[in-house]
Structures are given as structure tokens and as C-alpha cells.
Number of protein chains: 2
Amino acid sequence: MKSGRCALALLAVLFAGLAATHAQDPLPSWNDGPAKQAIVDFVHQTTTAGTIDFVPPAERIATFDQDGTLWVEHPVYSQVVYCFDRVGALAKEKPALKTAEPFKTVLSGDREAIAKLTAKDLEVIATATLTGMSVEQFQAEVKAWLAAAKDSRWKKPYTDLTYQPMQEVLQYLRANGYKTFIVTGGGQDFVRVYSEQTYGIPPEQVVGTATSTTYGYDKDGKPFLTKEPKLLLDDNFAGKPEGIHLMIGRHPFAAFGNSTGDRQMLEYTKAGGGARLAMLVLHDDAKREYAYGPAESLPDTKVGTFTQALYDEAKKGGWTVISMKNDWNRIFSFDQPSR
Amino acid sequence: MKSGRCALALLAVLFAGLAATHAQDPLPSWNDGPAKQAIVDFVHQTTTAGTIDFVPPAERIATFDQDGTLWVEHPVYSQVVYCFDRVGALAKEKPALKTAEPFKTVLSGDREAIAKLTAKDLEVIATATLTGMSVEQFQAEVKAWLAAAKDSRWKKPYTDLTYQPMQEVLQYLRANGYKTFIVTGGGQDFVRVYSEQTYGIPPEQVVGTATSTTYGYDKDGKPFLTKEPKLLLDDNFAGKPEGIHLMIGRHPFAAFGNSTGDRQMLEYTKAGGGARLAMLVLHDDAKREYAYGPAESLPDTKVGTFTQALYDEAKKGGWTVISMKNDWNRIFSFDQPSR
């Protein structure tokens with residue numbers, strides 16, 4: 001009896017110890033391995049005072065691509081779905097659009113025809129749905145859409161489809177004094193609508209593809225900004241480091257991407273010198289998400305593709321490739337950990 | 001003897017009380033009056049939980065013009081002095097410039113001729129001195145210049161000529177959870193070189209007139225950005241709210257300016273609704289600094305002027321005008337308080 005009580009007490013102590021270890025793991029959705037280790041080592045290196053790689057808190061900048069890095073980008077970018085969905089609302093306001101291309105094709109719902117729309121068609125749709133209104137009106141439209149729209153595979157709002165392991169990285173870096181930025185090829189105004197609630201990243205820390213606005217006054221003399229179709233920043237490829245300079249003004253110490261569109265951002269981050277973390281999410285988990293890389297056959301100039309050339313540059317440049325299949329024990333917050 | 005000890009003890013308590021009051025004053029360089037009161041009231045209103053004007057910490061954004069609002073802008077913007085000073089160094093690298101206009105005029109030192117340079121001449125000088133080099137080279141050049149250059153009146157580095165009362169406002173707002181931004185008509189890359197050390201404002205919180213950069217590689221394959229003469233944002237007049245939207249993405253709750261170039265920023269701030277603080281620094285102290293407003297005769301379309309029309313809009317719009325002469329008991333940190 002007495003020894004039984006002792007054994008129970010010992011077990012309780014052991015479990016408490018295990019629970020404490022678990023509670024202290026800042027990256028519980030990551031399996032042990034080189035990817036997780038690279039993140040932990042980087043944080044340790046850059047935040048340990050008195051060491052050669054120590055980074056003063058004010059300079060701790062980390063940048064994250066969004067589509068495919070922080071949330072699902074397949075089979076189609078959520079912002080593209082937004083634009084297509086908005087065409088319906090637009091056609092109600094302007095019935096003439098119902099018979100005008102490319103709007104007619106979008107409204108037909110004919111997937112095959114929609115898939116054949118040209119880049120020029122998509123630009124016309126983007127201009128019609130993303131510009132011409134006040135900033136406030138656009139924000140209200142995106143907010144309403146996000147509350148209603150659902151991803152076709154998971155039947156959940158898009159903002160639920162963020163990668164839990166990456167959410168943990170965001171929190172872990174912030175807990176260690178890093179300022180986290182999104183640097184996305186997506187629309188800056190679009191992502192800013194939900195970035196704070198979804199990622200804890202405020203609008204002023206979202207860099208994206210940006211168009212200009214024009215200042216004016218309404219009939220009561222109240223000033224407002226109108227969204228214009230003039231491109232200021234194409235935040236893909238070389239546009240990413242250019243956008244980082246424009247909006248942030250210094251090299252990131254850590255950068256995360258998943259496609260050829262992030263290549264220059266990762267190169268630029270590494271070029272800052274000292275301890276820098278460059279990571280690429282590889283979509284190799286067809287079961288739990290999607291698998292589309294490394295792809296031999298895809299061109300190196302298309303965003304959203306993880307090519308063999310990118311993989312080779314990662315290996316050569318000291319970047320770390322994250323295997324969704326092997327490095328993550330769950331993908332979404334609603335998944336059961338698989339380890 | 002006993003009553004004497006009591007009186008001394010009483011005095012000690014009184015002085016301790018006064019010292020504590022003084023220590024608690026977040027704006028010691030401000031005289032009591034409506035301007036100081038407006039700042040204190042605004043902070044109290046927007047940071048008191050449970051009240052109608054409470055602003056969540058993440059939304060606490062305050063924007064500051066720089067030239068004439070945070071530091072001296074007369075008789076000439078320091079960045080213009082920089083460009084003129086750089087012409088000398090450029091001519092050493094490229095001797096052909098010595099005989100080419102407008103460089104020849106600048107090198108002559110003939111103040112009368114320099115004052116007659118056209119806007120086009122100034123643009124040529126700005127392009128030659130602010131673009132064409134790597135971002136890192138430009139930063140090094142500005143840093144070296146700032147360490148050596150001195151204002152002609154005070155014989156001090158330009159970064160010593162910041163307004164102590166405004167430094168206190170920056171600190172007071174930050175101590176109350178506000179994120180402070182510079183929104184300047186000056187060059188974004190120029191101001192970012194010293195903003196952190198001079199104002200405690202990191203580069204990513206500096207919005208200014210911005211030109212583009214181009215991503216490329218040096219002969220060793222190392223990536224770098226080259227400063228290009230293509231204008232992305234003219235951060236004056238309507239460009240200020242447009243720049244705030246581009247770089248910050250939400251309305252400021254407080255904004256500070258000093259000239260017609262800040263008008264739209266202050267209008268836009270007030271248009272956000274609720275408790276918003278819009279303040280204008282009026283240069284009316286010829287003895288301790290300069291006096292140049294309100295000016296009846298100046299055009300409303302020139303930056304750096306405080307016109308009668310601006311003064312009238314301030315009164316009508318509920319903005320607060322700061323009289324340097326009456327509201328500030330000292331201008332610079334090296335001044336003795338005058339109260």
C-alpha cells in the first residue's frame with residue numbers, strides 16, 4: 001500500500017515533468033528534425049546577448065509569404081475566388097455586365113471556359129472588383145465575403161485554413177522580440193482586412209501587391225481615398241525585396257516562402273550576412289493538403305510553383321526546406337496531431 | 001526649535017510633492033495652455049478603458065511630419081543641403097560635372113546664383129545625388145554627412161536641432177501605447193538613416209517621398225538594390241494620406257504638421273471620427289527659432305508655408321495650433337527652460 005502510494009506520487013511527478021516539457025515546446029505541431037531545429041537554433045543564436053550573432057530587438061524583422069506559406073493556395077488563390085464571386089454582385093449593380101465578356105463567362109459558372117480566361121481577362125476582372133470604390137467600401141466587401149465564403153474541399157472559411165505550424169512560428173518569433181511581416185504577391189489591401197485577426201499581424205506590417213489611391217472629398221466635404229487601377233508594387237519575384245525596402249527599409253533576419261515568387265526575398269534575406277534564416281515550405285502532402293513540388297516540368301517564372309531549380313538553389317544557399325509531410329504533425333488547428 | 005523642525009519637515013514634504021509632480025509631467029518643455037491640455041486630454045480619452053473614445057492598443061497610430069514639425073526646416077531643408085554638399089564629392093568622381101550646369105553653379109558657391117536654380121535644375125541635382133547607387137552606399141554617404149555637417153546658425157549637427165517639446169510628445173504617446181510614424185515630404189531613404197537614433201522611430205515607421213529600387217546581383221552573385229530615379233510616392237499634400245494608406249493602412253488617431261503640405265494628413269486624421277488629435281506647429285518665435293506664419297501673402301500650394309487659409313481651416317476643423325513662442329518653454333534640448 002505504502003509503496004503503491006509512492007509509485008503513484010512518482011508517476012505524478014513524471015507526468016508533471018512531461019507536461020511542463022510539452023508546455024515549453026514553442027513548436028508543438030513540428031516533428032523533431034532539421035527544419036524545427038533550424039528555427040530553434042536561429043532564435044537562440046540571434047537572441048542570446050553577448051554572442052556574435054545577437055540581433056538588437058529593434059532589428060528583428062521576419063517576413064512571411066502568405067499563399068502556400070501561411071495558408072492554402074490550391075486549387076486557386078482565395079483572392080481570385082473573391083474577384084470571381086464579386087462579379088455576381090457587380091452584375092446586379094450594372095446589368096450590362098451580364099452580357100459583356102469576360103464577365104459573362106465568369107457568371108456562366110462554366111469551369112472549363114473560366115479556366116481558359118486570358119491574363120488580360122483576369123486583369124479586367126481584377127480592375128472591376130478591386131478598384132474604383134472607396135477604401136472603406138472595399139474593406140466592408142472583403143469582410144462580408146470572408147464571413148460567408150468557404151473553401152470547396154474543407155468547407156471552412158478561408159481564414160480557418162492557415163497552417164498551425166506556421167502560426168506557431170509567428171508566435172514563437174514574436175515572443176522572442178521579432179516583428180513579423182507578411183510579404184505577399186496578393187493584394188495588400190485584401191490581406192490587411194484579416195491579417196490582424198488571422199495572424200496577429202497588423203495592417204502596417206503587411207506588404208503586398210499595391211495599387212495607388214486618390215484623395216478626394218465626398219459631397220459633405222469629408223475626405224476619403226478611392227482605389228485606383230494604377231500598379232505601384234508588383235510584390236512577386238524581385239518585387240519582394242524591392243517591396244521590403246520600400247515598406248520596411250531593412251533586410252529581414254528570417255524569411256519564409258514556398259515558391260519561385262519568393263526566391264529573391266530569400267536570397268536578399270541571406271545576403272544580409274550573419275545568422276539568417278531562409279525557409280521554403282514544400283507541398284509534398286497530397287493526403288493532408290496538396291503535393292506540387294519539387295516540379296521538374298514547371299517554368300521558373302510562375303508564382304506558386306516549387307521547381308527543381310528552386311530546390312537546388314535552396315540546397316546551395318543554405319536555405320531549409322520544410323516538408324509538410326515529414327516536418328508537420330498537423331496541418332490545421334482543427335487536425336489531430338499525427339505523431 | 002521644535003516648531004522649526006516641524007516647518008522643515010513640512011517643507012521637505014512639500015518639496016517632495018512638487019518634485020514628484022514635476023517628475024510625473026510627461027511634457028515638461030510645454031507651458032500650461034490649450035495646446036498642452038489638448039495632448040494630455042487626447043491621451044487620457046483614448047487610453048481609458050471602458051469609455052466611448054477608448055482606442056485598442058493595436059490601433060494607436062500617430063503620424064508626424066518632420067521638417068518644421070520635429071526639427072528645423074529653415075532657411076533650407078537639410079536634405080537639400082545634403083544634395084548640394086554631395087555635388088562636390090560627385091565632381092571629384094566625375095570631373096566633367098565641374099563644367100556642366102547646374103553642377104557648375106552649385107560648385108561656385110555663389111548663393112545668389114544657387115537661389116535662382118530652377119525646379120528642373122534641382123531635380124537634376126536630386127537625381128544625381130540621391131539615385132544611381134546601391135541602398136547601402138547611399139546609407140553610408142548620408143551617415144558620413146550627418147556626422148560632419150552643421151547647421152549654419154547653431155553650429156550643431158542637424159540631428160541636434162530637433163524640438164525638445166515634440167520629442168516629449170513622441171515619448172509620451174509611445175509610453176501610452178501609440179506607434180509613432182514619421183510622414184515626411186522628405187526622402188524616405190534619407191530620413192530612415194537617422195530616424196531611429198534621433199527620434200526612436202524605426203525605419204519601417206518612416207513614410208516619405210519614395211523612389212523605386214531595382215533588384216540585381218553584383219559580380220560575386222550577391223544581391224543588392226539600386227536606387228532609381230522613378231518616383232513612387234510624392235509624400236506631400238494629398239500624397240500624405242495616400243502614403244499613410246499605402247504604408248500603414250489605417251487612419252492615424254493623432255497627426256502633427258506645420259504647413260500646407262500637411263493639410264490633407266490632418267483632414268484625413270480628423271475624418272476617422274471619434275477622438276482624434278490634429279495639431280499644427282506655428283513658427284512664431286523669431287528669437288529662439290524662426291517666424292514665418294500665418295502668412296497672408298504666400299501661396300497655399302507651397303510646402304513649408306503656414307498660410308492664413310491653413311490657420312482658418314485649423315480653427316474651423318477643431319485642430320490645435322501650437323505657438324512655439326507661447327506653448328514651448330524651450331525649443332531644443334540644449335536650451336535652458338524659459339519659464
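Reply: The lining of the second largest cavity has 5 nonpolar, 4 polar and 1 charged residues, where Ala, Val, Leu, Ile, Met, Phe, Trp, Tyr, Cys and Pro are classed as nonpolar, Asp, Glu, Lys and Arg as charged, and the others, Gly among them, as polar. The model is a predicted one, in which local features need pLDDT of at least 70 and side-chain atom pairs count only at pLDDT 80 or more, while totals for chains, interfaces and linings use all residues. Residues are numbered from 1 along each chain as its sequence is written, chains are lettered from A and ligands numbered from 1 in the order in which they are written, and side-chain values use heavy atoms, without hydrogens and water.

The residues that line this second largest cavity are Gln66(A), Asp67(A), Trp71(A), Tyr77(A), Ser78(A), Gln79(A), Gly186(A), Phe190(A), Val191(A) and Tyr194(A). A cavity here is a set of points on a 1 Å grid over the protein atoms alone where a 1.4 Å probe fits but cannot get out, and a lining residue has an atom within 4 Å of such a point. The space inside comes to about 40 Å³, a volume being what is filled by probe spheres set on grid points that are joined across faces, edges and corners. Two elements of chain A, helix 3 (78-93) and helix 9 (188-192), each give at least two residues to the lining; helices (H or I, at least four residues) and strands (E, at least two) are DSSP runs numbered from the N terminus.

A cis peptide bond with omega of about -5° joins His74(A) and Pro75(A), and Pro75(A) sits in the loop between strand 1 (61-64) and helix 3 of chain A. In chain B, the peptide bond from Gly293(B) to Pro294(B) is cis as well, with omega near -10°, and Pro294(B) belongs to the loop between strand 6 (277-282) and helix 13 (308-317) of that chain.

How many cavities of 30 Å³ or more does a search of the whole structure find? The search finds 2 of them, and the largest cavity holds about 40 Å³ of space. That largest cavity is lined by Lys179(A), Phe181(A), Glu204(A) and Gln205(A), together with Lys179(B), Phe181(B), Glu204(B) and Gln205(B). Strand 2 (179-187) of chain A and strand 2 (179-187) of chain B each supply at least two of its lining residues, and by class the lining divides into 2 nonpolar, 2 polar and 4 charged residues.

With both chains in view, their relation can be described.

Turning to chain A as a whole, it has 14 helices and 7 strands, and its C-alpha atoms fill a box of roughly 85 × 50 × 50 Å along the principal axes. Of its 339 residues, 51% count as buried, that is, under 20% relative accessible area, with exposed meaning over 50% and partly exposed the range in between (1.4 Å probe, protein chains only). Among contacts in chain A (heavy atoms within 4.5 Å) between residues at least 6 apart in sequence, 64% join residues at least 24 apart.

A few single places complete the picture. Lys104(A) lies in helix 4 (residues 103-108) of chain A and is partly exposed, with a relative accessible area of 44%; apart from its neighbours within four places in sequence, Lys104(A) touches Leu97(A), Lys98(A) and Thr99(A). Phe237(A), in the loop between strand 4 (223-233) and helix 11 (239-247) of chain A, has a phi near 50°, a positive value in a residue other than glycine, and is partly exposed at 22% relative accessibility. Lys155(B), in the loop between helix 7 (135-148) and helix 8 (164-175) of chain B, also has a positive phi, about 55°, although it is not a glycine, and Lys155(B) is exposed with a relative accessible area of 57%. Helix 12 (residues 263-270) of chain B, by contrast, has 6 of its 8 residues buried, so it is largely enclosed by the rest of the structure; the buried residues are Gln264(B), Met265(B), Leu266(B), Glu267(B), Tyr268(B) and Thr269(B).

Conventions
1 Å grid on protein atoms, 1.4 Å probe; cavity = no way out; pocket = protein on both sides within 12 Å on 5 of 7 lines; lining within 4 Å.
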